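This briefing walks through selected helices and strands of a single model, grouped by topic. Please keep the sequence and the structure in view while reading.

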Amino acid sequence: MQTLALQIAPPESDDLNSLLDGLIHARRLSSWLQPIVNIKKGTIIGYEALIRGPADSPLQTPVHLFDAAHRCGRLAELELVCLEVHMRRFSRLKLPGRLFLNLNAVTMLQADFPSRFTRRFLHKLGLRPEQVVIELTEHLPVENYDALREVLAPYRRMGFSLALDDLGTAYAGLRVWSELRPEFIKFDKHFIHGINDDSFKKHFVDSLQNIAHGVGCQTIAEGIETRLEYQTVQSLGVNLGQGYYFARPAADPPREISPKLFFIHKCGEYRNNGVSQRSETISGLISVLPTVHSRMRLSAVGELLEKNPELWSIPVVDQDQPVGIVSRHTVMNVLAQMYGRDLHGRSPISEFMDTRPLVVDKMMPVEELSQIITESGHLARRQDFIITDEGRYLGAGTITDLLRKVTDLQIRNARYANPLTLLPGNVPISERIELLVETGRPFTVCYFDMDHFKAYNDFYSYDRGDMVIQLLGKILVNAADPEKDFVGHIGGDDFLVIFQSEDWRRRCEAVLECFAGEIPGFYDEEQRQAFGIATKDRREVDAFYPLISLSVGVVSLTHDTSYSPSEIAAMAAEAKKQAKKIPGNSLFQERRGFGGRQTIHSASGPETRLL
């Protein structure tokens, strides 16, 4: 993607035009290429060409270079020279796949543009039109779509393909997509950055992906930088990807991408829908299987399988790193063919292995792995998965053992669920804390307890008290992030939320505010007007109990900790006691970790309104 940003151009200079003139005529420009990858197959389908000026020039960056050309009225001239530089470099390197060339829509509409961008020039370089994709950028608005289609028509008839760059930004919108009907669209990197943690971006890309699929258009996700971003766009069905995760732009770019980047290898957070329970990790599913290295001959692997009839597959491991998995079915089918052993027996097993096995970390919860397998379709295609410890091979697991463990956990967790709210009880809560302590992840425990609940329960009866308890349970579930947080019901009016969301405090304040707004509706008019219940206490003495409020005791563990689940629960209970000393809706935080101890107070006024 070339970028034209007028606002950050170099200062005006009388020498700017001569400087630009020297670069253009001397061809002092270099082509850097970045791979575009088939997300599912892990193969390179082409390269986007990116121009660079000389390192000793103030016009080194594309931003300054194209801005200078625009200010000097030489944008079309520069773009044509860039095309020549890119195509010569691509041809010289004999790179596989297609060449994606950035062109500004306004430039293409200029009368002199087509004169040098011809089939003859491509033929001279040994390139075919089918190898070239015109990546159309729109840093200036295009109003005459008929004229642009007319300009593009000859190239498309010759075999050039068209890509629309930066979909969703600037002028690159659905209108352009509809008018030009490109073979490729590129999702702007803004929508890919952090997509794994942004539900809006997921829905946005998912919606556009559905449109693209319906009209037969391939999609490219730009700016993929992390494994989680890659996994998210893969799960959304995006066809192609580009970004630092695969490779940076380079003068001599890679011809292939490491298969390890395409493993489904998640060490993600526990998924909790607010009602589900804590899971065990898959470390309990590890089976020690024979392994082979990628250079082992096919015939030797066949002999190993014949000696071990119980094996469905064999992991392929090089220097403690899993690089693939080979199935019994594949090996035996090849060897069983006529002359199969003679033709292929001496071939390395790397030619027959699955280079994208399912690879998961030992600390992944079994329920999350079950969800990954179900969503990705691995259940029907693969019977084994590889288990690692921070990338090092540990062993393998089977789908059968996984399903058996998930079923056992569901039965067991149901036994410990609170019957009123169906939320996890004390045992799953303790196990959840234990899991987080084991993995060394930071988390925050929030103990929620109602003030004056017993007086309400005694005055209105337990059935209305149960309704208040269910209200709080629903508020907590709604406030928690289902991808990160855990909501548990200790019993009675006591709840525990284990937050991994960094904005836990905002979520707690939302709970207090929502509860304060809802609770008056659970009182009769007389008590609501009085802001509480006037009754007699146990000694038959007149007493007044304000409207129910919430006290929240908070313990944040910001580093690896040696505290046990029971010690953490005790700290949360003590923080809750401190919160209850503050009138109205209140939050008391005690932060534990290597950084020491810190206490924070916040409280509402006596009318149970959050300040």
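This is a predicted model: local features need pLDDT of at least 70, side-chain atom pairs count only at pLDDT 80 or more; totals for chains, interfaces and linings use all residues.

The expected span of a helix is 1.5 Å times one less than its number of residues.

**Helix H22**

- Helix H22 comprises the 16 residues 565-580, which at 1.5 Å a residue should span 22 Å, and the 23 Å between its end C-alpha atoms agrees with that expectation.
- The buried residues of H22 are Ile568, Met571, Ala572, Ala575, Lys576 and Ala579.
- In general, an α-helix has 3.6 residues a turn, so residues three or four places apart point the same way.
- Ser566 and Lys577, on the other side of H22, are exposed.

**The packing of H11 and H12**

- Helix H11 (residues 298-307) and helix H12 (residues 328-336) have axes that come within 10 Å and cross at roughly 120°, and the crossing is left-handed.
- Where the two helices meet, H11 contributes Leu298, Val301, Gly302, Leu305 and Glu306, while H12 contributes Arg328, Val331, Met332, Val334 and Leu335.

**The sheet of E11, E12 and E13**

- Three strands form an open sheet in the order E11-E12-E13, and their pairing is mixed.
- Strand E11 (359-361) and strand E13 (392-398) are the edge strands, each of which pairs on one side only.
- From one strand to the next, the twist averages 35°.
- Strand E12 (residues 384-389) pairs with E13 in the antiparallel sense over 6 bridges, and Thr388 stands opposite Tyr393 in E13.

- Strand E14 (residues 443-451) is mostly covered, with 9 of its 9 residues buried.
- Phe443, Val445, Tyr447, Asp449 and Asp451 point one way from E14, whereas Thr444, Cys446, Phe448 and Met450 point the other way, and all are buried.
- E14 runs antiparallel to strand E19 (residues 549-557), to which 9 bridges join it, and Thr444 stands opposite Ser556 in E19.
- E14 also runs antiparallel to strand E16 (residues 494-499), here with 6 bridges, and Val445 stands opposite Ile498 in E16.

Methods:
Residues are numbered from 1 along each chain as its sequence is written. Side-chain values use heavy atoms; hydrogens and water are left out. Helices (H or I, at least four residues) and strands (E, at least two) are DSSP runs, numbered from the N terminus. Buried means under 20% relative accessible area, exposed over 50%, partly exposed in between (1.4 Å probe, protein chains only). Two strands pair if DSSP finds at least two bridges between them. Axes are lines fitted to C-alpha atoms, for helices over the stretch in contact, and angles run from 0 to 180 degrees between N-to-C directions. A crossing is left-handed if the near helix is turned anticlockwise from the far one by less than a right angle, and right-handed if clockwise. Contact means heavy atoms within 4.5 Å.
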